[in-house]
Amino acid sequence: MASSSGTLASASSNRYAIIVAGGSGTRMGADRPKQFLELAGEPVLLHTLRRFADPVLSVVAIVLVLPADQFETWAQLCATYHIQLPHTVVAGGASRWASVRNGLAELASYPTGVVAVHDGVRPLTPVTVIENTYAAAATHGAAIAAVPPKDSVRGLSQQGSYALDRSRLRLVQTPQCFEINLLRRAYQLPELATFTDDASVVEDMHPIHLVAGDYCNLKITTPDDLLLAEALLRQQSAL
Ligand SMILES: Nc1ccn([C@@H]2O[C@H](COP(=O)(O)OP(=O)(O)OP(=O)(O)O)[C@@H](O)[C@H]2O)c(=O)n1
Ligand SMILES: C[C@](O)(CO)[C@H](O)COP(=O)(O)O
């Protein structure tokens, strides 16, 4: 398939990953950014990193984006938990968008391939979801994981609220995978307040293909998510 940059993407394209963990975790309200909190005995971010380092995926470069003042924290965690999974660390920015942009700059020497952007605080992503999203992006140029809502949904209006057709809605997750030159071009444009993820940065340039995500692919946002993640992880380990 011809990508927007005119290069060919293929199932054998080089794969890269940018794991964004540059946030401060205000909604978690913990004494540290939530990516460093313990989940089943190990830092959240280690669980996430391990998923992308799975040899099955053949990811050739992993970039971890961390808050600029937390490099030492991560170095200490690497020593404590004997983390030897290959990765490069770069400083994040004031927003998720700025953190992704910094991560992408670290991959400047790679001319072609597919890059996954993933939240460092999604530690339970099944490797099959990651594989399927990379593969779909190699074919379609841009692919993201998403799931249908399980609940009824309503929109808000000045009069109150109104029912929405949930069959037309999807809940967006990460990973979000892109032909790398497409993502580079999208991240050269100015940041908009409407950006909530990478798909929203890219979508004016290229259609976004949806891949089946997973309800277990939680984003750790508030303390209850950590409890749920712990239970899910223990169940996965027992299988
Ligand atoms: N400046 C930022 C902000 C967010 N992120 C990352 O983007 C992901 C999703 O963001 P979110 O869950 O909102 O994390 P925080 O910004 O840390 O949380 P909060 O909004 O509660 O402060 C997280 O892995 C977070 O570390 C980032 O790399 N750089
Ligand atoms: C990228 C994301 O995880 C997709 O669901 C989400 O948009 C991040 O949102 P947040 O505002 O940073 O919680």
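**Entry: strand β4.** How many of the eight residues of β4 are buried? I found six of the eight buried, so β4 is mostly covered. By "buried" I mean 20 or more other C-beta atoms within 10 Å of the residue's own; 12 or fewer is exposed, anything in between is partly exposed, and C-beta atoms are placed from the backbone. Strands here are DSSP runs of E with at least two residues, helices are runs of H or I with at least four, and both are numbered from the N terminus.

**Entry: ground rules.** The model is predicted, so I noted that local features need pLDDT of at least 70 and side-chain atom pairs count only at pLDDT 80 or more, while totals for chains, interfaces and linings use all residues. Residues are numbered from 1 along each chain as its sequence is written, and chains are lettered from A and ligands numbered from 1 in the order in which they are written.

**Entry: confidence.** I checked pLDDT, the predictor's confidence in each residue from 0 to 100. The protein chain has a mean of 95, and 95% of its residues reach 70 or more. Residues 1-8 fall below 50, and this stretch makes 18 contacts in the model beyond near neighbours in sequence. A contact here is a pair of C-beta atoms, placed from the backbone, within 7 Å. Where pLDDT is low, the predicted coordinates should not be read in detail. For the complex, the predictor gives an ipTM of 0.98 and a pTM of 0.95.

**Entry: the sheet.** I traced seven strands in an open sheet, ordered β5-β4-β1-β6-β10-β7-β11, with mixed pairing. Two strands pair if DSSP finds at least two bridges between them. At the edges stand β5 (88-91) and β11 (209-212); each has a single partner strand, so one side of each is left without a neighbour in the sheet. From one strand to the next the twist averages 25 degrees.

**Entry: partners of β4.** Strand β4 (residues 59-66) pairs with β1 (residues 15-20) in the parallel sense over six bridges. Along that pairing I saw Ala-17 opposite Ile-62 and Val-20 opposite Val-65. The strands β4 and β5 also run parallel, joined by four bridges, and Val-63 stands opposite Thr-88 there. Helix α3 (residues 96-105) lies across β1, β4, β5 and β6 (114-119), running at about 145 degrees to β1. That angle, from 0 to 180 degrees, is taken between N-to-C directions of axes fitted to C-alpha atoms, for helices over the stretch in contact.

**Entry: two residues side by side.** Ile-19 sits in strand β1 and counts as buried because it has 28 C-beta neighbours inside 10 Å. Leaving aside neighbours within four places in sequence, its contacts include Phe-52, Ile-62, Leu-64 and His-118. I also looked at Ile-19 and Arg-122: they are 103 residues apart in sequence and 9.6 Å apart in space, C-alpha to C-alpha. Glu-131 belongs to helix α4 (residues 127-140) and is partly exposed, with 17 C-beta neighbours inside 10 Å. Not counting residues up to four places away in sequence, Glu-131 touches Val-56 and Leu-57.

Entry: Which bond is cis? The peptide bond joining Thr-174 and Pro-175 is, with omega about 15 degrees, and Pro-175 lies in strand β10. Ala-40, in the loop between β2 (38-39) and β3 (42-43), has a positive phi near 50 degrees. His-82, in the loop between α2 (71-80) and β5, has a positive phi of about 55 degrees although it is not a glycine. His-82 counts as exposed, with 6 C-beta neighbours inside 10 Å.

**Entry: the ligands.** A residue is near a ligand if its C-beta atom, placed from the backbone, lies within 6 Å of it. Around ligand 1 there are 22 residues, and Val-20, Gly-22, Gly-23, Arg-27 and Ser-99 come nearest. That shell divides into six nonpolar, 12 polar and four charged residues. For these classes, Ala, Val, Leu, Ile, Met, Phe, Trp, Tyr, Cys and Pro count as nonpolar, Asp, Glu, Lys and Arg as charged, and the others, Gly among them, as polar. Ligand 2 has residues around it including Arg-96, Asp-119, Thr-174 and Lys-219. Strand β10 (residues 171-179) gives the largest share of the ligand 2 shell, three residues.

Technical notes:
Two residues are in contact if their C-beta atoms, placed from the backbone, lie within 7 Å.
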